[in-house]
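My notes follow in the order I checked things.

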Amino acid sequence: MRRILVVIDMQNDFIDGSLGTREAEAIVEKVKAKISAYPPDAVYATMDTHGKDYLNTQEGQNLPVAHCIKGTEGWKIRPDIAALLKDAKIYEKPTFGSTALAKDLKAAGDIEEIELVGLCTDICVASNALLLKAAMPEVKISVDASCCAGVTPEKHAAALETLRSCQINVTGSPKTEKLVKLSVVFDTHTGNTRQAAEWIAEGMDRAGAQVRCFTLDSVDMDYVRSSCGVVFGSPTYSALMTSDLRSWLQGNAQNLKLGGKLGGAFATQQYSHGGAELVIQSLLELELVYGMVCYSSGGAMGRPVIHIGPIGINGNKEAFSSLDNYREYFGIYGERFAKKAAELFG
Ligand SMILES: Cc1cc2nc3c(=O)[nH]c(=O)nc-3n(C[C@H](O)[C@H](O)[C@H](O)COP(=O)(O)O)c2cc1C
């Protein structure tokens with residue numbers, strides 16, 4: 001009985017092309033190591049393959065980003081991975097799942113386990129895993145989460161949960177051992193603080209936490225109540241948190257049962273010296289009043305040093321002119337916060 005590896009859609013467009021993500025780039029070396037661990041004749045692969053009429057197809061209407069158009073650079077498997085797949089049987093597929101792959105593996109008949117890796121967790125990896133499970137209910141179907149990336153970190157995590165529900169064996173995710181639930185709650189008027197919140201959530205997801213982000217009008221109170229850590233964020237308004245966030249916190253803190261949870265704070269501002277640290281400080285003060293255990297990341301964590309919480313500066317004419325400069329920094333804060341939460345509550 002053989003173990004089979006299926007490498008899903010490790011194509012340029014999904015890694016650093018039109019639909020690329022940092023998370024996809026981050027799994028490349030792990031996928032290469034995974035392929036090398038299998039005998040060459042046990043490795044299969046798929047390629048998302050569209051024609052020039054992609055935008056007129058049903059998929060193209062729903063996802064109007066041209067990608068994996070046959071013959072283009074974006075369609076090709078990333079060269080260093082393609083080199084490892086030179087003996088693999090490769091299936092071009094016009095949609096998410098490959099029925100031809102499922103048919104061939106079923107016909108092979110001597111398989112005890114099929115492991116999937118690749119892109120994207122929540123679309124083609126999930127589709128193919130479920131297709132293989134449907135074709136071969138008695139074969140163990142596994143997905144190595146550390147060798148997959150989703151359209152977003154949140155969708156990656158959600159897809160893994162769904163796959164677990166469908167009895168797919170999910171490995172390589174710290175969630176199987178230590179699942180901490182975290183929330184990021186923020187106010188935003190022009191989207192900068194939302195962006196920062198999503199970057200924090202990316203870092204938390206990388207550290208293996210389950211995380212959801214909420215604006216003040218969309219908070220899932222049950223989810224926040226059941227979270228062991230909450231990070232609050234605000235734009236800087238006249239060197240203060242927004243009045244909406246302060247009054248929302250004052251109205252809901254008790255109901256959220258914040259006491260004993262890990263708390264953190266972040267802010268965005270327009271000017272390098274615009275007062276965002278005062279926003280973070282006052283958020284942390286409120287968190288202390290609510291009985292939260294406050295986390296700052298702090299100088300002791302080394303570089304980047306984040307003394308009381310992360311700040312992003314947007315669109316001014318000073319040295320740091322783009323919020324994008326702060327993506328890594330917010331992500332690192334999210335990772336540190338999630339690791340501390342896992343240490344305390346995991
Ligand atoms: C009423 C108001 C007051 C503001 N006050 C400050 C301030 O004191 N310091 C600062 O650096 N930026 C200030 N800003 C800019 C915002 O803090 C900044 O653009 C922030 O990133 C907006 O976040 P959002 O896109 O999530 O709404 C202010 C913006 C508004 C609308």
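I took helices (H or I, at least four residues) and strands (E, at least two) as DSSP runs, numbered from the N terminus. This is a predicted model, where local features need pLDDT of at least 70, side-chain atom pairs count only at pLDDT 80 or more, and totals for chains, interfaces and linings use all residues. Residues are numbered from 1 along each chain as its sequence is written.

**Entry 1: cis bonds**

I looked up the peptide bonds. Leucine 119 and cysteine 120 are joined by a cis peptide bond, with omega about -20°. Cysteine 120 lies in the loop between strand S4 (111–119) and helix H6 (121–135). Another cis peptide bond links arginine 303 to proline 304, with omega about -5°. I found proline 304 in the loop between strand S11 (293–294) and strand S12 (311–313).

**Entry 2: positive phi**

I then checked phi. Aspartate 9 is not a glycine, yet its phi is positive, about 50°. Its place is the loop between strand S1 (2–8) and helix H1 (12–15). Is aspartate 9 buried or exposed? I call a residue buried if 20 or more other C-beta atoms lie within 10 Å of its own, exposed if 12 or fewer, and partly exposed in between, with C-beta atoms placed from the backbone. Aspartate 9 has 26 C-beta neighbours inside 10 Å, so it counts as buried.

Cysteine 68 also went into the notebook. Its phi is positive, near 50°, in a residue other than glycine. It sits in the loop between helix H3 (58–62) and helix H4 (79–84). Cysteine 68 is buried because 24 other C-beta atoms lie within 10 Å.

**Entry 3: whole chain**

I counted twelve helices and twelve strands in the chain. The radius of gyration is 22 Å, close to the 20 Å that the globule rule gives for 346 residues, so the chain is as compact as a globular protein of that length. That radius is taken over C-alpha atoms, and the rule is 2.2 Å times the number of residues to the power 0.38. The C-alpha trace spans about 65 × 40 × 40 Å along its principal axes. Of the 346 residues, 46% count as buried.

**Entry 4: domains**

An automatic or database domain assignment supplies the bounds. I noted domain 1 (2–175) and domain 2 (181–345). Their C-alpha centres lie 34 Å apart. Seven residues from domain 1 and five residues from domain 2 make the contact, where contact means C-beta atoms, placed from the backbone, within 7 Å.

**Entry 5: strand S9**

How many residues of strand S9 (residues 229–235) are buried? Seven of the seven are, so the strand is largely enclosed by the rest of the structure. I count strands as paired if DSSP finds at least two bridges between them. Strand S7 (residues 181–186) pairs with S9 in the parallel sense over five bridges. There, phenylalanine 186 stands opposite glycine 233 in S9. S9 and S10 are also parallel, over seven bridges. Proline 235 stands opposite threonine 268 in S10.

**Entry 6: ligand**

Which residues come nearest the ligand? Of the 18 around it, they are Asn192, Thr193, Pro235, Gln269 and Gly274. Near here means a C-beta atom, placed from the backbone, within 6 Å. Helix H8 (192–206) and strand S10 (262–269) each supply at least two residues of this shell.

Notes: Contact = placed C-beta atoms within 7 Å.
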